[in-house]
Amino acid sequence: MFLTRIGYGIAYFLVLIYEIIKATLDVAFNGVMRRNIDPIVVDIETVLERPVSQTILANSISLTPGTLSVDLDSENNIIKVAAISPRKKEDIIPFEHYIKKMLE
C-alpha cells in the first residue's frame, strides 16, 4: 500500500510538470501572441474528501499557468478557479486522480 502511494506520488509529480509545461506553451502562444484571452471563473466539483488533498489540488491548479484557485469550499468539495480562457474540467484538473490515489 505504501509503495503504491509513493508510485502515485511520483506519477502526480510527473503529470504536474508536464501540465505546467503544456500550459506555459498554451498561455505563451494563445494568450500572449494571439491575444486570445477570455477570462472566466468556474466552480469545479472535486471527488477529493480530505482537506489536505483539496489544498494540494488547489495549489496545483495555481501552479499551472493560466489558472488560479480563488476559493476552496472543503465542506462542499468545490474549488472556484479563474482561467484566462474557457476550459473543460479535465483540462483544469488532470492530476486529481493521482492525488486521490496518493492521499485518500
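How many salt bridges does the count come to by this rule? The count comes to 4 salt bridges, where a salt bridge is a side-chain nitrogen of Lys or Arg within 4 Å of a carboxyl oxygen of Asp or Glu.

This is a predicted model, in which local features need pLDDT of at least 70, side-chain atom pairs count only at pLDDT 80 or more, and totals for chains, interfaces and linings use all residues. Residues are numbered from 1 along each chain as its sequence is written, and side-chain values use heavy atoms, with hydrogens and water left out.

**View 1. A nonpolar surface patch.** The patch covers about 1,300 Å². Patches take residues with over 30% relative accessible area and no salt bridge, joining like charges within 9 Å and nonpolar side chains (Val, Leu, Ile, Met, Phe, Trp, Tyr) within 5 Å. Accessible areas come from the Shrake-Rupley method with a 1.4 Å probe; for residues, only the protein chains shown count as cover. Helices (H or I, at least four residues) and strands (E, at least two) are DSSP runs, numbered from the N terminus. Leu25 counts as partly exposed because its relative accessibility is 45%. Buried means under 20% relative accessible area, exposed over 50%, and partly exposed in between (1.4 Å probe, protein chains only).

View 2. Is Glu19 buried or exposed? Glu19 counts as buried, at 9% relative accessibility. Lys22 is partly exposed, at 39%.

**View 3. A salt bridge between Asp26 and Arg87.** Their side chains meet at 3.5 Å, N to O. This pair links distant parts of the chain, 61 residues apart. Asp26 belongs to helix H1, while Arg87 lies in the loop between strand E3 (78-83) and helix H3 (89-92). Asp26 is partly exposed, with a relative accessible area of 27%. Arg87 is also partly exposed, at 21%.

**View 4. A salt bridge between Lys80 and Asp43.** The side chains meet at 3.2 Å, N to O. Lys80 lies in strand E3 and Asp43 in strand E1 (residues 40-45), so the pair ties together parts that are 37 residues apart in sequence. Lys80 is partly exposed, with a relative accessible area of 30%. Asp43 counts as exposed, at 52% relative accessibility.
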